[in-house]
Every structure is written in C-alpha cells, then in structure tokens.
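Here are a few exercises to work through with the structure open beside you. Try each task before you read its solution.

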Amino acid sequence: MRFYLQQALNALQVGSVYALIALGYTMVYGILTMINFAHGDVFMVSGYVAFFVSTALIGSQLHLAPAVVFAATLLASMFATALLAVGIERVAYRPLRRAPRMSLVITALAVGLLLENLAIAFKPVGPSPRMLPQLIPSTTIVWGGVAFSAVQIVTILVSATAMVGLDLLVRHTRIGIAMRAISWDSALVPLMGVPVDRIVSMTFAIGAAVAAVGGTLYGMTYTIDPYMGIRIGWWAFISAVVGGIGNVRGAMLGGFLLGAVEIFTPVFLRSSTYRDMVAFSLLLVLLVFRPTGILGSPAAQKV
Amino acid sequence: MLRSRLLSLPVLLVLGLVVALVLPQTGWVSPYLQLVISYVGINMILAVSLNLVNGYMGEFSVGHAGFMAVGAYTASILTVWVFPREASPALFPLALLAGGAVAAVAGLGLAFPSFKTRGDYLAIVTLAFLMIVKSVLENLPALGGPRGFMGMDRLTSLGWVFASVVFSVWLARNLVYSRWGRGVLSIREDETAAGLVGADTRRVKVVTFTVSAFLAGIAGGLFAHEIQFINPRAFTLLKSTDMLVMVYLGGIGSLGGSLLGATVYTLVLEGLRPALQSVGIAQEWRLVFAPLLLILLMFTKPRGILGFRELSFLRPRGERDGAKKGGEPR
Amino acid sequence: MNRSPFLFLAGVILGSAALVSCNKGPEKIVIGVSAELTGSIPVAGQSCKNAAEFAVATVNAAGGLEVAGKKYPVEILLEDNEDKAESAAAAAQKLVSAGVLAMIGPNASRNAIPAAEVAETAKVPMISPWSTAAKLTLDARTNKPKKYVFRACFIDDFQGVVAAGFAESHLKSKKPAVLYDVASEYNKGIAEVYGKSLKKRGIELAAFESYTTGDKDFSALLTKIQQAGADSLFLPNYYSEVPLQVKQARKLGFTGPILGSDGWGSPELLTLCGGDCEGQFFTTHYAPDIATPKAKDFIQKFQGAYGKVPDDLAALTWDSFSLLFQAIQNAGKLDRQAVRDALAKISNFEGVTGTMEFNGTGDPVKSAVVIQIKDGKYTYFQTAKP
C-alpha cells in the first residue's frame, strides 16, 4: 500500500509541472484559438533563467539565505519569461493574426525550434545539461512509510499556490473576465471597449509566468537542457486537451492525470517505453468519447 | 505554342529519367551530390504526401513520420528477409509499393478518428499514432528494436527516386483535380457546409489519408534503401516537423509548392554547411538559420512561396490559360 | 511565376558543389572527421573535435607526417553528423567524395553504423573512436567482418562481461539490479550482456528495469527496484542521465553500490552528480592516473591546450589518429587500400588507452579498466584483460 502512496506522491509532483505548463497552452488557445507550440521552449528558457540567476546569486558575495535566493530566482524567472512571451507574441504572432491559422501554427513551431537551437549554439548556454545550485535542502521526511522529500513538498505547494492564484485571477479579476470574454466572442469584445491587444499580451505574460514557476521547480528537481521543452511541452499540451482546451481548471486536471499516467504506467507494465503507448492510447479513447476533453464544453460549430 | 508546350512535358520526363539513370555512371556528379539529390527527391514525395492532408484538406497531421517508418520497415523486411538477394534490385519497386500499401492501411486506420475530431485534436491523434508506431518498433526485438534494422542493399538510385517522384506527383495531381479533389478542398473550406451540399466527407477523408500515407510509405522505403540502416529514432516528431516546414515553406495547397519547398529546404540546410564553415561560424548555427528563415517567410508569404497557386504544367488542361484555381480560404 | 526561388536554389547547388570540390591543393594528407557537434551528445562531439585538431596540430608541428622519406602536412575535414543516421551517411559520403584518405568517427553507434556502410562500399578506411556496438564492424547480412571499418575501443559484449565480473567479485552482489535505456542500442546491449553473464555465474537479477531516452524522472522504476530488495545497481547509461538516476535512487533510500559503464566517462558527470556519485565504480577505456609516460605526455599537453584533462573520447580519438598515422607510415604511400591493409596488420600498438592489436577484424584486442570516483575525481581501480 505504501508503495502506491509513494508513487501517488511522485505522480503529484510530476503532474504539478505538467499542469503549470498546460495552463499556458490553454489560456492562449482560449483567447486566440491558437496552439502556441513555442510554449514548451519558453518553459525551457525559464529553466535557464533560473539557472543563471541562482548561480549568480549563490556565487556572489551577498551570502543570501537559500530561501531568499529561491524566491528571487522564482520571481526573476517569472518576470524574464513573461517578457519573452510578450516579445514573441508582438514580433511573431501579432502580424499574423489575419493570416490563415496554419501559418500561425508553423510560426509557433519555428519559434520553438529557434529557441532550442539558439540555446545550443549560444555558447554560455550550450547543449550540456546543467544542474541548479541546491537551494532546497535534501531532507526527506518519512511519514507512514512514505518518503516525502523536501523538493517534492516545495514543488507541490508552490505549484498549488500558483494554480489557485491563477484560478482566482481568471474568475474574479477584470483581466480574467476580459480574457474569458474574448475567448467566447472575439468579434464583439473590442466593440465593448476592451483593449484586445493588451489583454492578449497579458495572457501570454501570465501563461509564461506560470510556466516559469514550473521551469524553476523542474530545474531544482532535475537537470535542464535545451531540449527539455519538447517532450514536456507536448505532454503539457496533451494535458490541456485532455482537460478540455480553453478551460483553466481542465488544464490543471489534465496535468495531474498525465502525471499519474507517467508514473503508474511503468509500475503496472514492464517498462517505461510502454508509457507513451498507454498515454496516447488512453488519449485516443478519451477523444473518441469526449472530443472536447473532460471539462470542455461540447463545441457547437458555427455554420 | 500551346501544343508544343503540352508535348514537351512527357518528353522532359523521359529525358529526366534518362539523365537520372545515366548520371551516376558518368562520374560528373560526386556520390555526395547524388545523395543530396536523392534526399531532395525523397523529401519531395514526403512534402507532396503531407500537403494532401494539411494543405489541400486543411487538417493538421503531425504523424506522417509514422507512415514513413511503416513503409521503411516493410520494404526493408521484404528485401532483406523475403526476397532472394540477387532478385532484389528487380523486385525493389515491389518492395516500395508494399511499403506504401502497408502505410496506406495505417492511414486508413487514422482516417476514422478524424471523422469526429478536427484541427488541433487531430494533431493529437496523429501524434499518438506516431508515438505508438515508434513505441511498437522499439519493442520488437525481431525488427531490431532500438538497435535498428540493417542489411538492406543500396537499391535506391537516382532513377528510382526520379520515377517515384514523378509517380507521386502524378497520383497526387490526379487526386486533387478529380471530383474527389473538389471534395477535399471543400472540407478545408467548411466541413459542415460540404456535408450539407452532399460531399461524402467521410469517404473523402479516408481516401486522402490513405493516398497520403501510401506516398509517405514509398518515401520511407526509398529512404531505408539509401541509408541502409533504419531505427526508430529516425522517425520522430522532429522528422514530422521537417515535413511540416517543407510543406508550409513551399506553399500549402500547391504541388509545385511542395516540390519547391522540399528542394529549397534540403539544399539550404546542406548548403549552409560549407557556407558557415567558410565564414568561420560554428555548425550549430545552421539549425538556427533554418527556423529564422521560415519565420521571415511567414511574414511575407504566410501561405508559403507558392501557396494556393500552382505551376502551369501541373494544372490540367482545362484549367490553364487564365482560369484561376480554387479560391483562397477565409 | 516568381523566378527567384529557382535562381536561389540553382545558386545553392552550384555553390555547394564548388565548395565541396575545391580541395585539390598541393600534396597533403586529408583526413575526414565526422563528429556529433549538434544533437544529443554535443559534448562528446566537441571532445572528439578537440582531440582530432590536437592530434593533427601535434604532427604538423613536427613538420608533418613522414611517409616513405617525405613529410606531408596533415589536414582535417570536419563534418557535423548532427547525431542523425541520415546526416551521418551524408557526411560520410561527403568526406568520401572530397577525397579524404581515411575517416575518423562518428562516435555514437547509431551514427557510426550508417557511416560504416558508406565507408565499406566506397572502400575508404574508417576508424570509430568510441562506438562499442558489435554490429559496427560486421556485415549485416553475412555477419562476417567488414574490411574497411575499424574501431579504437572495446566492444560492448566485452564490457558487459567485465562489469558482471566486477559486480560478482568485488561488489559481492547477490541481488543485482539494472536500470537501462531500452531505446538506445548502447545501453540495452551492455545491460543484456551483463544480465546473461551474471546468470552464467549463477546470479539472478533482482530487477531489470528500463526507461526511454530523455526521461528525467526514474522514481517509479527506482521504487520498484527498492521494492525488489536489490543490493547493487548497474547503470550502463550516459553521463547526462546517470546523475539524476543516482540522486533519485539515494533519495528513495537505496544505499547499495552503483556500477556504471563507459558512458560515465565524461567529467560532466562529476559536475552534475556532485557528492552523490562518490565511491561508485564504472568500466571504461582508460584511466588518466595510471597512464604510461607516453600517455601522461599526451594528457599534460592536451590539458595545456584545452584547459581540461582529456576524457575517454578525446583519448580514443587521439589513439585513432595515432593508429591511422602508424598505418599510413607502414603502408608507405597515400593510398586508401594500402592504408587499410596496414591498419589491419597492426599488432602491439601502444596507445594512450592501452595496447591494441587487430586480429583479422576491425575490433582491437584490448583491456578495460575499472575506475572509482574518489574525492570527486576519476581514480584507477583495476584492469580487466580480455
């Protein structure tokens, strides 16, 4: 039993990161009906920002407490990544808003590729995996036979905070209401005096900041490398779709679901290679019965 | 003048075939350049294949590398395990067609989920297919698993590549300009409306996916017998992305565009090697320039270089001389 | 219709053709090098490149390579094989067409194998410094040895047996466990040989878990290994994945010894792993601290030029070049066939990574070493002879 509890904890940790990134996908899709394929690579950049900031702070003469460095790293990462996302939107996506949707998708793919290969070619970053300085102590609390590592706890708590914060933002603030309005009827909203461009930029910024939380936590737990955004990006995208793309709570649900699949597949099946197969087969089955995802509303197509 | 133009296309094709057959023997063109030309040809077939689904039909498939993999493995299994070695050069087209056929069956399977899903959801379905194919191949030790499959003879030659490209373009063109093809275009424009005016959207989707997969399978077989070694790693999302780039670069909804996109993409990437070396920039920047060029292109020509336009010799006779092909979508 | 794309691509074709064929200068030795400069193991590719450039620079500093009384300057033609099979084949083809005397690399087996096909067909001698897959030097259909393909390292079949022997005799493991990457030729090969070899010694594996390339979270699999009561862990994986595996294993409470293979050989591992890898062992090609005087000389000079101790790939690349230079000198002329024949006849060659000889195949007969990570450094532990 405790074996399964342990795995459940692992799943919670892994799922949190997927959920955080899935939020970025789902928000941008809701507002622009566009899959921002560069999002996974934006997540990757956030990991590197966290790396550089934390390494610099630790190496500096300031002798800051690890907790302070952690907070500073998190904030710096969120800020820088938000800036990057807004920049990408302005430069690459906005000029194409009138173009056929596929051009936007291809541009997003290209931006992603650009980020990956820039990271590799740009020497200070380079292709080797990096490890962030240890900011979270490696203590493990054993409770009820299950090992709770400090990193896991921090990841889950910080992610949960971010998710709750985002949920509140979307449901109760004016920006959130504007975002949801645009996702429901993008033609009418500008007529109401809502500055669509500004809201779109903010959406990108918020989505990226949330992904940056995931990126920083991910960097604390594992290593970062220029290709890390690809797989995680696609899995987060699937999480968003499974949960119902365009739906914030759905993205969170999808993330945890996929985290569970990731952890439990190798538990029940022989190896983790089957994991991709299982995940995708489940996905296909789900899409056959609920094409718009678990929490998605059945989309009526306008004729 | 029109007559002579029409007459010259078959002549050109025959000439092209002769050149393709003779060139390797003359030694004027180095084996490396021949290899690059083969890659261009294979990429052309892949681009045409993907264009059918993405460009003409307006769906979004990222799984075509899976069809390529299926074709590659099938053709290889045939030439290595089934056909007697001496006969394999003669039986090579059979292997290619078989690879295409098996891939087509897979395409058939993929058509069904596409009935209910559209656009972005289809992307996931096709991605799932790709992952499953890769996973299955990795877990079949008989086919080498992750070690890959070896033992193919170098059966792909410029002649076969040329013939396959011509065949693929011919097949695709006839599909697109047939009554069927109108159905394909109508799905892209507005699927619901298409269904309402009587287009059998399901049948059209099935045919398009099947033909598209068939062509990708042939390309896979050619690829396998060029490199003489295939492993699951060669058929990942990255390969599908390459195909997407070629299609959108050349122009969606345009066969000529696919040919162009494949050529430009392959040659630019290869050409950047010596170009960067001579300027002293590290090779890593090669893969930075490629997406950069694509983004810049998207700004100026969002539909690709030849988007929705077509090279004149590919259009059927009735549609040349002023009649513009299909409208532009919303 | 817009003509400019055609002009552009015509220009590209002509341009690349020109650039490729402009290599006929005065008499010199041109050696092709195919390295993984981009892709998933660029650190390895960079290491290979550095060693190659260093080897050539050293020879040229002495006025060139002396063959049959005449000194020839040596030049490298470097290609990036992008860590992709088709690019490796294309790069090999390019080098062959450019007229190189011989080729060094690629390093990863998945790239070396397609390149080997090209080399064999074109009858150009090729030496892979680092590819340990048995298939590299064998003809795929007949399983007979290839004629033109050689390597400077031992093969995985041997390495797996060495590891198993060490696990039994030194680690005294009764319930060994393995965690390997099932999607990679190298890892899977060694893991399987390890398991089979232990079985022959009467030891059954407690756990044989696999993951896929790119995974970063192994907690599920490691928990399973813990559950099975394993007392040792074999990780025949690459330096980029091992630190995570080790750390996660320790976090989950695994206290037994951890054994590795030559994929651990890059110093990156020490940076990423930190204290968690202290005291662990792995099998590999060479140990810098027991180096012969010749080897010590190389290590010192390399360190002077590049600021770091050469890793196993650098040492193997250096040895590949030394083997090649020796063969060229033995052959007495700059002819591909003669060089190949001379290479195949080499016996008792003393390289930085040990003594080797070729016995009718492209696989050298040489020993492996076991290294222990002590005080954050690679320290020699013992040798294992074939």
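The radius of gyration used here is taken over C-alpha atoms, and the globule rule is 2.2 Å times the number of residues to the power 0.38. Keep in mind that this is a predicted model.

**Exercise 1.** Work out whether the radius of gyration of chain C agrees or disagrees with that of a compact globule.

*Solution.* Start with the chain length: for 386 residues, the rule puts a compact globule near 21 Å. Chain C has 22 Å, so the two agree. Next, look at the extent: the C-alpha trace spans about 65 × 65 × 45 Å along the principal axes of chain C. Then turn to the interior, where buried residues account for 59% of the 386 in chain C.

**Exercise 2.** Describe the secondary structure and the contacts of chain C.

*Solution.* Count the elements to begin with: chain C holds twelve helices and 17 strands. Now take its contacts with a separation of 6 or more; 67% of them join residues 24 or more positions apart.

**Exercise 3.** Find which element of chain B gives the most residues to the side that touches chain A, and do likewise for the side that touches chain C.

*Solution.* Take chain A first. The contact uses 34 residues from chain B and 34 from chain A. On the chain B side, α6(B) provides the largest share, ten residues. By class, this side has 24 nonpolar, five polar and five charged residues.

Now chain C. Here 32 residues of chain B meet 34 of chain C. Elements giving two or more residues on the chain B side are α2 (31–56) and α12 (255–279), and α12(B) gives the most, with nine. This side divides into 17 nonpolar, nine polar and six charged residues.

How values were computed:
Residues are numbered from 1 along each chain as its sequence is written. Chains are lettered from A and ligands numbered from 1 in the order in which they are written. This is a predicted model: local features need pLDDT of at least 70, side-chain atom pairs count only at pLDDT 80 or more; totals for chains, interfaces and linings use all residues. Helices (H or I, at least four residues) and strands (E, at least two) are DSSP runs, numbered from the N terminus. A residue is buried if 20 or more other C-beta atoms lie within 10 Å of its own, exposed if 12 or fewer, and partly exposed in between; C-beta atoms are placed from the backbone. Two residues are in contact if their C-beta atoms, placed from the backbone, lie within 7 Å. Ala, Val, Leu, Ile, Met, Phe, Trp, Tyr, Cys and Pro count as nonpolar, Asp, Glu, Lys and Arg as charged, and the others, Gly among them, as polar.
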